[in-house]
Amino acid sequence: MTNTTPKRRLWRDIKVFDGLRTLPEAMAVVTEGAQVVSLVPMREFDERLAKGCHNMGRGGVMTPGLVDCHTHLVFGGSRANEFEARLEGASYEEIARRGGGILSTVTATREASEDELLELTRPRIEAMIADGITTVEIKSGYGLTVGDELKMLRVARRLGEVLPVRVVTTLLGAHALPLEFKDDSDGYIDLVCKEMIPAAAEEGLADAVDVFCEKIAFSVAQSERVFEAAEAHGLPIKIHAEQLSSLGGATMAARHGALSADHIEYLDEAGIIAMREAGSVAVILPGAFHTLRETQLPPIAALRKAGVPMAVATDANPGSSPLFMPTLMLNLACTLFRLTPQEALAGMTTHGATALGLKGGGRIQEGCTADLCVWDIDTPAALAYAVQPGRLRQRLFQGELTHAF
Ligand code: NIG
Ligand code: FE
């Protein structure tokens, strides 16, 4: 006879950060199969709850599995040389204008096969999984031909099938202007709108569409054309906006109901209001700010005051954020951007999920999916306070224990 009863697991006396706040009392948590079924203060704990449960231990801190809502994890090659050039004084923009930067990763990514890209990306995601990620967004954007963009998205989808992590894919065909379209950026946008988006939609390879709206990339008008094509195919939109200058991309994206506007160091008051009205999430990326040694801070206090939800993500990529450690971002969001540790944690759980359109994700509550991390720390703030790998005690993905240390 097969045992059809789903496994029950019990944690006792554990501090819980539920995705928005730290619960005031020590808790008992029970999961059954892929769900959290009970979340009760220890004070009200009844031993009958423990019946049939596998004992998962006591103490520590439980958080939702971390959600990294903005990465460029699939890429070929390395940009260590560019890192050195920047240390010698070249700027990110100068390197991009010289044909280095994103375009050098494009060359290496085009040269790699789908299988090669999969093997290159696997250890990057495994490192992030070991740091608590249970959901990760992955963008294309280093292919810049229909075939190479779809190749990147297929790699991302396959990674979600072979690793215990939820992968959400984003088509970022409008990331940079490929050399074949030099002096014809509108022609390239035509290709994105008329061929790339339809092909990705047809194959079900993209969960959303993103654009890099910037002086060194695409204008607000071009970005809007991409969004109209995405909408025609029923795909939600996101934008890289106001990273190096204030063009108004976030405001335009919010008018199109964008899930998020990301970077936004130069976001102005009109952008904040538009985002609040649209319910767009502000995705802040302290890794890129740190790596590029930016000085313009995103308008954190104004976003907070307006009630715009703030997500925190790694932006893991070979150029502007070669940082593959989600918990480091919690620390940087606090030290560089003055988020509170609770805000940073909510940014990598609840609000990260919202930025991906995963309503109700990144939470711990009765009935939610059991994507959980248990950490060897005494308070949730410690996760942002110290940069210290190795504190993940247990990780559950959809109720399955994938890591126990
Ligand atoms: O989010 N801003 C544009 N795109 C990436 C950088 C990618 C790269 O430099 O390779 C970002 O920072
Ligand atoms: Fe990015």
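**Entry 1: ground rules.** I noted that this is a predicted model, in which local features need pLDDT of at least 70 and side-chain atom pairs count only at pLDDT 80 or more, while totals for chains, interfaces and linings use all residues. Residues are numbered from 1 along each chain as its sequence is written, chains are lettered from A and ligands numbered from 1 in the order in which they are written, and side-chain values use heavy atoms, with hydrogens and water left out.

**Entry 2: helix H5.** H5 has 17 residues and reaches 25 Å from its first C-alpha to its last, close to the 24 Å expected at 1.5 Å a residue; the expected span is 1.5 Å times one less than the number of residues.

Entry 3: I then turned to nonpolar cores, each a set of buried Ala, Val, Leu, Ile, Met, Phe, Trp, Tyr and Cys residues joined through side-chain atoms within 4.5 Å. The largest has 102 residues, and Ile138, Val226 and Leu339 have the most contacts inside it. Helix H6 (residues 185-202) gives the largest share of this core, 9 residues, and the core draws at least three residues from each of domain 1 and domain 2. Apart from this core lies another, of 16 residues, among them Val16, Met27, Cys368 and Val374.

**Entry 4: the iron ion.** Which residues are the protein donors of the iron ion (ligand 2)? I found His70 (NE2), His72 (NE2), His240 (NE2) and Asp315 (OD), lying 2.1 to 2.4 Å from the ion. Donors here are N, O and S atoms within 2.8 Å of the metal (3.2 Å for Na, K and Ca), and water is not among the atoms, so sites may look incomplete. His70, in the loop between strand S6 (66-68) and helix H1 (80-87), and Asp315, in the loop between strand S13 (310-312) and helix H12 (326-337), are 245 residues apart. His70 counts as buried because its relative accessibility is 0%, and Asp315 is buried because its relative accessible area is 1%.

**Entry 5: two loop residues.** Ser320 lies in the loop between S13 and H12 and counts as buried because its relative accessibility is 4%. Among the residues that Ser320 touches, not counting those up to four places away in sequence, are Tyr92, Gly287 and Asp315. Lys182, placed in the loop between strand S8 (166-174) and H6, is exposed, with a relative accessible area of 57%.

Definitions and conventions. Buried < 20%, exposed > 50% of the residue type's maximum accessible area, 1.4 Å probe, protein only. Helix = DSSP H or I, 4+ residues; strand = E, 2+ residues; numbered from the N terminus. Domains from an automatic or database assignment. Contact = heavy atoms within 4.5 Å.
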